[in-house]
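Have the model open while you read this.

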Amino acid sequence: MAASVEEINAAQYEERVLGAETPVVLDFFSTECPPCEALAPKFEAVAEQFAGRARFLKVFRQGNRELATQLGVTGSPTLVFFKGGREVGARMTGEDIKRSALKSAVEALLT
Amino acid sequence: MNERYDVVVIGAGPAGLTAAIYAARARLRTLVIDESIPGGQVKTTHKVSNYPGFPEDIHGSELSLAFARQAERFGAKIRRSVEITAHDLAPFVKTLELDESETVEARAVIVTTGAKPRPLGVPGEDTFKGRGISYCATCDGAYFEGKDIHVIGGGNSAVEEALFLTQFARSVTIVHQFEQFQAEPASVSEALTNPKIQVLFGHEPRAFHGETALEALEVEALRTQERKRLPTDGVFVFIGMVPRTDLLARYVKLAPSGYVKTTDDMETEIPGVYAAGDIRVKRFRQITTAVADGTIAALAAQKYLR
């Protein structure tokens, strides 16, 4: 079911995110975070829609603090978008990430 | 073929879930939809101390889950993380399109979309959202272990969440525009005696500064109009709420405050469309007043459907 979203850790960041051939959406999530729980099914649904065209990854913030700090991520959930090894576009964060907005952001990433 | 319900409740906070409990118990086919998981504002409230029936504090997330389970026990269907992508609430049979992929119908709709945190509206806020600025202590407090942070506001949420944040942060400075707090006396005295909490009364935030992440909060002393930059690791904003009226604004005239006016029976101007909970024009917004609204809306809808 969640096959379209893979979890990575900080050690895989360079290869899986920066080195990816397709655009990447990276979700920093936490436990005890209702907005993260709310985002998960939307993230998976959009990941499924864009399967093969963009890579959807998630990283557990508490277990990868240094990476979060390095990217200046201080809130969960935070979606960071990458293309060609560089962060692009505006991050999405917090309770109100809509499925339609995420979809539009990924479409913009692909153009 | 569209799926048909008697009642669709939009928003799974205390008002919506209570409406669902009453509607489902009355054997109405009841659907609750929410863009998030159930609980509304309660799900990210650390502790609830004033909801009757719980002599000990209960975590907001647990109370949310309990509301949802109770509604489901009576047969209400709760759909989580669903977005309404089109709607027509004016006709006798109301329709809602979900996630651009399916349409549901109902003769009665109860709108309980509540309110969301009010943004400060100062420069840098959008830039540093999630990069140092947060509106949810439960979600993001743990990011600030050992850090020096600021809380903006002086009402119940600001003071209570500041106390919660002392579990993680090394210091919490509350910035409040007035010379005293508007919160309940019990929390105020707890905050004022907490060694980790400092207070900056009579100051307002003016801007956020930083390179990639937030580094400083610029405040203005209201009396002297003097501005200063306070180095900070993070800022939590609790300055009240704004109603979520995107959906209803198309059908009803909003009150000047932005909230939705209803009758005592939670009716809006549109027959079969009710509004309940924090979205309504009213003086007090509590979990207890939301569940009362939800009860009344469901009972009124039940009469309307008969």
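This is a predicted model: local features need pLDDT of at least 70, side-chain atom pairs count only at pLDDT 80 or more; totals for chains, interfaces and linings use all residues.

Residues are numbered from 1 along each chain as its sequence is written, chains are lettered from A and ligands numbered from 1 in the order in which they are written, and side-chain values use heavy atoms, with hydrogens and water left out.

**Helix α4 in chain A**

Helices (H or I, at least four residues) and strands (E, at least two) are DSSP runs, numbered from the N terminus. Helix α4(A) covers residues 99–110, and at 1.5 Å a residue its twelve residues should span 16 Å; the end C-alpha atoms sit 17 Å apart, which agrees. The expected span here is 1.5 Å times one less than the number of residues.

Which residues of α4(A) are buried? They are Leu102(A), Val106(A) and Leu109(A), where buried means under 20% relative accessible area, exposed over 50% and partly exposed in between (1.4 Å probe, protein chains only). They cover an arc of only 55 degrees around the axis, so they lie on the same side of α4(A); the arc is that of the directions from the helix axis to the C-beta atoms. The buried residues of α4(A) pack against β2, α2, β3, β4 and β6 of chain A, with contact meaning heavy atoms within 4.5 Å.

As for α2(A), its axis and that of α4(A) come within 10 Å and cross at roughly 35 degrees. Axes are lines fitted to C-alpha atoms, for helices over the stretch in contact, and angles run from 0 to 180 degrees between N-to-C directions. Among the residues making this contact are Phe43(A) and Val46(A) of α2(A), and Leu102(A) and Val106(A) of α4(A).

**Sheets in chain B**

Two strands pair if DSSP finds at least two bridges between them. One open sheet has five strands in the order β10-β17-β11-β12-β13 (chain B), with parallel pairing. β10(B) and β13(B) stand at the edges with a single partner strand each, so one side of each has no neighbour in the sheet. Helix α5(B), residues 156–165, lies across β11, β12, β13 and β17 of chain B, running at about 165 degrees to β11(B).

Another open sheet has three strands, β14-β15-β16 (chain B), paired antiparallel. The twist averages 30 degrees from one strand to the next.

| Strand pair | Direction | Bridges | Facing residues |
|---|---|---|---|
| β10(B) and β17(B) | parallel | two | Ile133(B) and Val235(B) |
| β15(B) and β16(B) | antiparallel | five | Leu217(B) and Leu230(B) |
| β6(B) and β7(B) | antiparallel | four | Ile84(B) and Leu98(B) |

A hairpin connects β6(B) to β7(B) through five residues.

Most residues other than glycine have a negative phi, and most peptide bonds are trans. Where is the cis bond in chain A? It joins Ser76(A) and Pro77(A), with omega about -10 degrees, and Pro77(A) lies in the loop between α3 and β4 of chain A.

In chain B, Asp99(B) has a positive phi, near 50 degrees, and Glu100(B) has one near 55 degrees. Asp99(B) sits in the loop between β7 and β8 of chain B, and is buried, with a relative accessible area of 13%. Glu100(B) belongs to the loop between β7 and β8 of chain B too.
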